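Thank you all for coming.

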Amino acid sequence: RYVVERKYERDLRDSIALQPERSYGRHLLPPVAYTGNSATGVCARLAHTSLNYPRVPINSCSWMPDAHRLITGSQTGLFTLWNGFSFTYEAMQQAHDRAVRAMVWSHNEKWLVTGDHGGALKYWQPTLNNVKEFSAHEGTPIRQISFAPSDRKFASCADDGPIKLWDFETCKLERRLQGHGWDVKCQQWHPSKALIASGSKDALVKLWDPKSERDVATIHAHKAMVAQLKWHANGHWLLTGSRDCLVKLFDIRTMRELAVFKGHKKEVTALAWHSTHPDLFVSGCYDGAIHHWHASESEAMSELLGVHHLAVWALAWHPIGHVLVSASQDGSTKFWTRNRPGDLIADRDDRRDPDGMRLGGSVGGGAVAALLAATAAAAA
């Protein structure tokens, strides 16, 4: 409906102004229709909880290229496919002999590369046919994999120390990036440049030139292990999450810290930028909490406290941006959607104790309140 109607609408002035009634839910458009309001992308409403059998920790997840199905990797080495519309089970297959620790699609979406707890890497087609397997980090868990912008090279990091750069076609090791003083927990290739960012147990964030095998900059920003980092699509912002419970945003053009996001009580274990709204991102915590943040605001837009019983290991936005998936150590995969007009509960519980700390949080309609205000102002 949005694809058809947008041809005849100038902007939000010509769209239907949503009212706080459930009957207006059918007029709720995709997040891309509300580019000026990041709050419309907050997914704080639990739609479905999916459980594997046997129930084991889910370490990674990713949407398939067609965006119709979700694939998850479990502690027992299983791939599980979930329907992206009904959130129901579709298929399962034994992918690795050890726990699946990392998975990433190439930029052209023709190949899936996965890494396991034993240091093995595998290539998969979109049909989940395994075409290649080799040992990349002998006997050590692979933590993260990322492709170069050209898809000809990719990088992997593990608990053995160096970041390794591989030729995708020949599976040959081309570079070793050594410089961290401890295990490398995360790394990601820049979306458009020959630059790799990495975070380690030594609490440092390093930027690497993959051609010269040298670190070109070191960021001393955290006081504990850097567990997660994500490049922004604009290529200028770098988001980091650490065991010191902080999420930080950096601008690599000036090498300055743009913002610090405080709210988690334990280690930050997952980060994901929104697929449509450039200023919106989500973070997951070791205690099972999920927070939505705006890049220019230090306070969380939504706090979902204790929604998982154990650590949140992975977060993945649907390409359209209307569904968020969280995978946890408690063995559950949860699908989150946007709140609908008429939902009565709030995005957070603003009750505080005598020391000023928040008492709890819940899912709900604060984002919808922002959406209603924006559409009403545009209609006026």
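This is a predicted model: local features need pLDDT of at least 70, side-chain atom pairs count only at pLDDT 80 or more; totals for chains, interfaces and linings use all residues.

**Salt bridges, strands and a core**

Let me begin with R69, which forms a salt bridge with E90, the closest N and O atoms being 3.9 Å apart; by salt bridge I mean a side-chain nitrogen of Lys or Arg within 4 Å of a carboxyl oxygen of Asp or Glu. This pair links distant parts of the chain, since R69 sits in strand β3 (residues 69-74) and E90 in strand β5 (residues 89-94), 21 residues apart. Helices (H or I, at least four residues) and strands (E, at least two) are DSSP runs, numbered from the N terminus.

Residues are numbered from 1 along each chain as its sequence is written, and side-chain values use heavy atoms, with hydrogens and water left out.

The cut-offs here are under 20% relative accessible area for buried and over 50% for exposed, with partly exposed in between, using a 1.4 Å probe and protein chains only.

A second salt bridge joins E133 to K122, and here the closest N and O atoms are 3.9 Å apart. Because E133 lies in strand β9 (residues 130-135) and K122 in strand β8 (residues 120-124), the pair ties together parts that are 11 residues apart in sequence. E133 is partly exposed, with a relative accessible area of 47%, whereas K122 is buried, with a relative accessible area of 10%.

The side chains of E174 and K153 also meet in a salt bridge, at 2.9 Å from N to O. This pair again links distant parts of the chain, E174 being in strand β13 (residues 173-177) and K153 in strand β11 (residues 153-158), 21 residues apart. Both count as partly exposed, E174 at 35% relative accessibility and K153 at 26%. There is also a network, in which salt bridges that share partners join R143, D159 and K185. How many salt bridges does a search of the whole structure find? The search finds 11.

Let me now step back to the chain as a whole. Its secondary structure comes to two helices and 30 strands, and buried residues make up 56% of its 380 residues. If we take contacts, meaning heavy atoms within 4.5 Å, with a separation of 6 or more, then residues 24 or more positions apart account for 46% of them.

Strand β18 (residues 226-231) is mostly covered, with five of its six residues buried, and it pairs with strand β19 (residues 237-242) in the antiparallel sense over five bridges; two strands pair if DSSP finds at least two bridges between them. Within this pairing, Q228 has G241 in β19 as its bridge partner. The hairpin has five residues between the strands, and G235 there takes a positive phi near 80 degrees.

Next, the interior. A nonpolar core is a set of buried Ala, Val, Leu, Ile, Met, Phe, Trp, Tyr and Cys residues joined through side-chain atoms within 4.5 Å. The largest such core has 17 residues, of which V282, I290, L304, L315, W317, L324 and W336 touch the most other members. The elements that give two or more residues to this core are β22 (268-273), β23 (280-285) and β26 (312-317), and β26 gives the most, with three residues. As for W317, if we leave aside its neighbours within four places in sequence, its contacts include W63, W273, H292 and L324.

I will finish with C61, which lies in strand β2 (residues 58-63) and counts as buried at 10% relative accessibility. Its C-alpha atom is separated by 6.2 Å from that of G73, although C61 and G73 are 12 residues apart along the chain. Not counting residues up to four places away in sequence, C61 touches several residues, among them L70, I71, M103, A314 and V325.
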